[in-house]
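The following exercises are to be worked with the sequence and the structure in view. Each task is followed by a solution in steps.

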Amino acid sequence: MKVVALVSGGKDSCYAMMKCIQYGHQIVAVANLLPADDSVDELDSYMYQTVGHQIIVSYAECMGVPLFRRRIQGSTRHQKLSYQKTPGDEVEDMFILLSEVKKQIPSVTAVSSGAIASDYQRLRVESVCSRLGLVSLAFLWKQDQSLLLQEMIANSIMAITVKVAAMGLDPSKHLGKEIAFLQPYLHKLKDLYGINVCGEGGEYETLTLDCPLFHNARIVLDEFQVVLHSPDSIAPVGVLHPLKFHLERKASHSLSGNDKTNDLCRENISSVCEVQGENPKECKSPGEHVPEVSDLIEVSSHRLHVSKTEKDNTFSLCCWLQDPLGASAGLQEDLKLILRQIELQLVGYGLGWEHVLYIHLYISDMDQFTQANETYVRFVTQDKCPFGVPSRSTIELPLIQASLGRAYVEVLVANDQSKRVLHVQSISCWAPSCIGPYSQATLHKDILHMAGQLGLDPPTMTICDGGSTAELEQALQNSEAIAECFKCSISTSTILFVVYCSTNIPLDERPKIHDKLDTFVNQLKLSYLDKDAKPDVLDPIFLYILVPDLPKRALVEIKPILYVPDTAETPEETFCELSSTVAPSSFGFKPVEWHDSCIQKCVIHGKICVVVLSITSEVAMKICSGSMNADWSNGNHQNSFTENQIKRISRFCIYLLDKTVLENGFSWKDTMSLRLYIPQNLHVPVETISSLFEDAFKELDQMKGGAKVGGKPIFNLVPVLGAGRSAACTEDIITCELFARKY
């Protein structure tokens with residue numbers, strides 16, 4: 001990509017440019033914001049570093065690229081963490097500046113910044129980039145600061161301190177010193193006082209005088225003045241005010257004439273553009289318009305189906321089109337109808353997209369992912385989700401074969417606004433970016449819902465080489481990077497790993513996938529426990545789903561769900577019965593020892609109960625032992641079941657789920673989500689299976705109460721190619737995934 005780099009003059013923005021080049025991008029311009037008054041060194045701004053701005057004008061000649069500059073007219077008006085367009089805010093100056101860059105250099109597609117740890121700065125750069133249709137590049141984001149500082153020095157960035165404001169840093173001693181000279185002392189201050197060695201806490205600021213990007217010349221500071229802003233005895237604040245500097249040509253490059261002073265540079269550089277003017281008019285994309293309810297296309301009630309769990313404060317809402325005759329108008333039209341229906345359902349509950357925590361987007365053809373996304377972003381937008389956009393996973397399923405149209409959407413909804421969203425749109429070395437309106441993770445009431453993670457190399461956003469196990473390892477590393485932002489680890493806090501496996505994985509690779517996952521998690525757990533000495537860890541459930549395809553033709557996508565309690569709490573996990581309540585027999589089933597082998601569960605006392613129930617062929621034979629024919633006895637079943645056999649299996653599933661939930665102190669009213677994974681080769685229509693499970697719940701309610709379906713099914717029936725406890729064995733007849741929680 002062709003990149004305009006935001007530069008403050010500091011080491012971070014310069015090193016970020018070097019990383020851009022390392023990853024194959026081209027710096028075609030630099031952009032800088034400076035005070036309106038040349039005599040002012042520093043503004044009262046959380047957004048911009050301006051100390052040393054008098055020297056930035058030389059960057060154009062040093063680098064041989066145009067420099068765009070704008071004098072800051074605005075101030076800090078929008079003080080919330082997430083930024084929204086605010087007239088008169090200093091962020092609007094950046095918008096005006098980059099708008100002019102884009103106007104003069106239309107080939108620019110990305111913006112580089114040196115953000116390392118400041119969400120405040122990153123979110124504002126991302127907001128401006130989003131408005132301008134540019135990609136944000138932040139290759140230093142979330143990197144270890146000690147390693148970063150060492151890399152900068154090793155890569156010949158020669159930067160001096162131009163501001164100090166921390167314990168142990170004295171303006172009279174430490175201003176004007178090179179970072180290579182100060183590095184040992186900064187580490188000492190880190191050990192003593194916990195400072196950020198890269199100055200991310202405002203401890204110090206730098207000015208780059210030379211680096212490998214300065215092809216033509218280096219900057220020589222001839223004279224400066226130390227200005228004391230605060231004489232505090234513990235942490236005095238001072239800045240360096242440049243008085244005189246000149247450019248010194250490099251041997252392999254010549255400047256026009258001899259070394260030039262700053263005055264001469266200011267007069268002769270034609271590649272410096274001073275950007276004036278007000279905010280340009282923004283054109284909203286026509287795709288952002290969502291028709292009013294009155295514009296909705298009428299869909300016959302027998303085609304449009306909705307399911308909803310009964311939990312009041314957090315519930316799952318699912319919508320799909322029953323399409324037995326293949327009457328679908330196409331993926332985009334199906335998805336539009338479904339998203340409109342979900343929107344209407346949310347409005348009916350007094351809610352909106354801002355209350356959605358997570359979205360499962362199932363489509364019939366991954367080749368149409370782009371079209372599906374175009375439709376999706378018309379409904380789920382940043383403007384509609386001021387508290388953060390939902391996390392999302394996108395999977396191809398055999399929807400057409402199951403007569404479910406071309407799109408199927410499930411949303412997890414909360415009736416409060418307490419969610420905490422991690423949404424990093426910048427491409428970085430940290431974890432894959434989420435440029436669109438979906439986030440990496442959403443934390444709500446101690447549960448972390450993580451977006452589906454592919455084996456993407458974060459800085460290049462390409463699937464890593466090496467096959468399915470290499471992709472899985474990279475996806476797990478990405479998941480761990482996200483978990484660390486919430487001060488937890490996937491190795492100790494995961495309740496459930498759902499692993500989507502593409503049919504493109506060679507058969508001989510599939511047995512290795514669970515081994516890789518198990519090894520990675522256990523090794524990570526050991527290192528995490530050694531580091532933090534946390535004795536209480538969860539033993540996660542593993543569920544593997546075989547699907548036709550995944551985004552970017554990935555072989556594996558992993559979706560972890562984590563328990564992240566307040567720091568005052570510790571996970572209290574149990575796999576034993578937590579209640580003296582004994583579930584009575586129902587549907588004619590009674591407890592038998594082999595029933596336990598069907599269940600994986602993770603229970604956090606009084607809070608969470610997650611159950612995965614696997615009905616294998618062997619289990620199905622035991623359930624239906626009285627109605628199996630000779631072919632079954634000889635193993636020639638190939639998942640061929642009669643409707644009566646599926647009816648009995650459905651009753652067994654509800655019986656065993658009911659028993660497990662009750663024994664652990666929960667009820668059906670606590671259910672947040674219940675998915676039933678049905679393999680395509682079951683040879684029983686999905687509509688029939690859905691009706692059988694609906695009838696089973698009604699019977700359960702008649703027998704015991706407490707499982708009322710409220711006019712809608714409380715489960716989501718998900719057609720798949722296979723499901724099971726390992727990637728090598730995804731041959732379950734039916735798999736049930738239940739998530740219940742108490743508040």
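**Exercise 1.** Which residues make a nonpolar surface patch of about 400 Å²?

*Solution.* The model is predicted: local features need pLDDT of at least 70, side-chain atom pairs count only at pLDDT 80 or more, and totals for chains, interfaces and linings use all residues. Residues are numbered from 1 along each chain as its sequence is written, and side-chain values use heavy atoms, with hydrogens and water left out.

Step 1. The patch is made by Met167, Leu192, Tyr193 and Ile234.

Step 2. Locate Tyr193 in helix 8, residues 179–193.

Step 3. Tyr193 has a relative accessible area of 42% and is therefore partly exposed (buried means under 20%, exposed over 50%, partly exposed in between, with a 1.4 Å probe and protein chains only).

**Exercise 2.** Identify the residues with the most contacts inside the largest nonpolar core.

*Solution.* Step 1. A nonpolar core is a set of buried Ala, Val, Leu, Ile, Met, Phe, Trp, Tyr and Cys residues joined through side-chain atoms within 4.5 Å.

Step 2. The largest such core has 145 residues, and Ile615 and Ile649 have the most contacts inside it.

Step 3. Helix 17 (residues 643–663) supplies the largest share of this core, nine residues.

**Exercise 3.** How many disulfides does the structure hold?

*Solution.* Step 1. A disulfide is a pair of cysteine sulfur atoms within 2.5 Å.

Step 2. The structure holds zero disulfides. For Cys319, the nearest cysteine sulfur belongs to Cys318, 7.3 Å away.

Step 3. Cys319 is buried, at a relative accessible area of 0%; Cys624 is also buried, at 1%.

How values were computed:
Helix = DSSP H or I, 4+ residues; strand = E, 2+ residues; numbered from the N terminus. Patch = residues over 30% accessible without salt bridge, like charges linked within 9 Å, V, L, I, M, F, W, Y side chains within 5 Å. Areas by Shrake-Rupley, 256 points an atom, 1.4 Å probe, with all protein chains shown as cover. Salt bridge = Lys/Arg side-chain N within 4 Å of Asp/Glu carboxyl O.
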